[in-house]
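User: I would like to go through the labels assigned in this model and see what each one rests on. Please set the values against the cut-offs.

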Amino acid sequence: MVLKIVLLGDGTVGKTTIRLRYLGYGFQANYMQTIGADFALKDIQISNKTIKVQIWDLAGQVSFEKIRINYLTGCHSAFIVYD
């Protein structure tokens, strides 16, 4: 089973930081701006079943608004991140 999760929010609110921390990477003070979208995969175990989680980090800048809908299609869950 594949679970698609998207992170939504304005630019520079911490979406990339949340994704990288969940994946086990340490904190970094500076990140490059996400252009369009970035994603990562992680396998998790629930009740002896392996679930592949796709975590999509969508750029929050207004200039990417028109392409964002393409990444939302088929998602199972969304997290709205704000500061």
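User: Why is W56 called buried?

Analyst: This is a predicted model, in which local features need pLDDT of at least 70, side-chain atom pairs count only at pLDDT 80 or more, and totals for chains, interfaces and linings use all residues. Residues are numbered from 1 along each chain as its sequence is written, and side-chain values use heavy atoms, with hydrogens and water left out. Buried means under 20% relative accessible area, exposed means over 50%, and partly exposed lies in between (1.4 Å probe, protein chains only). W56 has a relative accessible area of 15%, so W56 is buried.

User: What makes the pair of F39 and W56 stacked?

Analyst: The search of the whole structure finds two aromatic pairs. Rings of Phe, Tyr and Trp (its six-membered ring) pair if their centres lie within 6.5 Å; planes under 30 degrees apart count as stacked, over 60 as edge-to-face and the rest as tilted. For F39 and W56 the centres are 4.6 Å apart and the planes are at 20°, so the pair is stacked. F39 is in strand β2 (residues 37-46) and W56 in strand β3 (residues 49-58), 17 residues apart. Strands (E, at least two residues) and helices (H or I, at least four) are DSSP runs, numbered from the N terminus.

User: Why does F39 count as partly exposed?

Analyst: The relative accessibility of F39 is 41%, so F39 falls in the partly exposed class.

User: How do you know that the pair of W56 and Y71 is tilted?

Analyst: The ring centres of W56 and Y71 are 5.5 Å apart with 40° between the planes, which makes this aromatic pair tilted. This pair links W56 in strand β3 to Y71 in helix α2 (residues 65-72), 15 residues apart. Y71 has 25% relative accessibility and therefore counts as partly exposed. F39, W56 and Y71 form one aromatic cluster.

User: What makes the charged end of K4 count as sitting over the ring of W56?

Analyst: A charge sits over a ring if NZ of Lys or CZ of Arg is within 6 Å of the ring centre and within 35 degrees of the ring normal. The charged end of K4 is 5.3 Å from the centre of the W56 ring and sits over that ring. The charged end of K42 likewise sits over the ring of Y22, 4.3 Å from its centre.

User: Why is S47 called exposed?

Analyst: S47 has a relative accessible area of 67%, so S47 is exposed. S47 is placed in the loop between β2 and β3, and its phi is near 50°, a positive value in a residue other than glycine. Most residues other than glycine have a negative phi.
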